Amino acid sequence: MPEIPSFNKGFWNTARVGWFLAVEQVRRSSRGTTALIIFIMVLTFLNLVVVSGLLIGLISGSVSAYREGYSGEMIITTATGRDYIEHSQDLVAFLTADPKVRVVSARYAVGGTILGTLNQNPGKNERPNQIAIYVTGVDVNKEERTTGFSRFIIKGSNLNPDETDGILIGANMIRKYSSFADANIPGLDFLRDVDVGSRVRVMLAGNDGEKITKDYFVRGILKSKVDQVSTRAFITADELKRLLPTNKDEYQEIAVRTDPAYAPTLVARAKTIAGPSEARIQTSDESIPSFLRDIESTMVVLGNALSSIALVVATITVFIVIYINAVTKRKYIGIMKGIGIDPGAIQLSYVLQA
């Protein structure tokens, strides 16, 4: 049997002795002191990793929610000064035919007013129980596949695909459910006494100033981190299309789910069909509001700065803990060296303890 080289023997013995010394010192040390050291180290680690992660994660979560709950990987909206997407039917046909596109959700959207009491005449010293709102018409099945629409319903139920008298309203537009109801922001109105099962009246602008009105029953309340969900009202696409006075075949929004890496290529291809004057075609990242981008950049810089400071603090903390541990046991270190224990084993024991 070949003999083990003396270098390997020495290294193995040093490692064994170092491990033994480390374990015994930890076992025989004060439990309170050990627990305190561990607690300090945990706080140092959390300061190093968690704080910066939270700062960046909060804004990243908002961006992810925007993509997953509204825009998909690609979003097409109306061009500046236009009320609808030009040639939107051709765009939808092109996108649907692409084998890398998973689902396309085309939406009608128009500004309108909702009355919460079916009566425009408020009581004495009362504000009218009405709000201006964006009414969106969706294909229920396609919207569910695109954004998981039903998961935003906090009360009530989703629309049926062929429903003609049901409506979903965003939580931030109803006083009972809004997070801003107690903020007393001037000019910010909410629907009062509206809940699931209530009857509301939707008013849209028609031709020549004519108003298009229809009453609906509130089927559900929607709440999401995405404002485009929590501040809108939703009915079926066929129902809103029937109410629109003109351009019934042209959509206002088209959300597309596809591979994120393929989205820029798909945007470039779609722009060859519709020019910048006909539609605004963007990836999800491009369509994120500019203020959200600014916040994201600020959080990244702030997170990196805090991480750098935390790294310095963590280094000093670890050094102090190890230094104090070594200084308080100088006598024992001298005894161990005196009885012939390899200095390398003593050093390794303190490294293992750290």
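**Note on V256 and its chain in a predicted model**

1. V256 touches S71, G72, E73, M74, L95, V101, V103, V104 and L266, leaving aside residues up to four places away in sequence, where contact means heavy atoms within 4.5 Å. The model is predicted, so to speak of local features requires pLDDT of at least 70 and side-chain atom pairs count only at pLDDT 80 or more, whereas totals for chains, interfaces and linings use all residues. Residues are numbered from 1 along each chain as its sequence is written, and side-chain values use heavy atoms, with hydrogens and water left out.

2. V256 lies in strand β9, which covers residues 253–258; strands (E, at least two residues) and helices (H or I, at least four) are DSSP runs numbered from the N terminus. The protein chain has 11 helices and 10 strands.

3. V256 is buried, with a relative accessible area of 0%, where buried means under 20%, exposed over 50% and partly exposed in between, with a 1.4 Å probe and protein chains only. Of the 354 residues in the protein chain, 39% are buried.

4. V256 and V103 stand 153 residues apart in sequence, yet their C-alpha atoms are 6.1 Å apart in space. In the protein chain, 74% of the contacts with a separation of 6 or more join residues 24 or more positions apart.

5. The radius of gyration of the protein chain, taken over C-alpha atoms, is 32 Å, whereas a compact globule of 354 residues would have one near 20 Å, by the rule of 2.2 Å times the number of residues to the power 0.38. Along the principal axes, the C-alpha atoms fill a box of roughly 105 × 55 × 35 Å.
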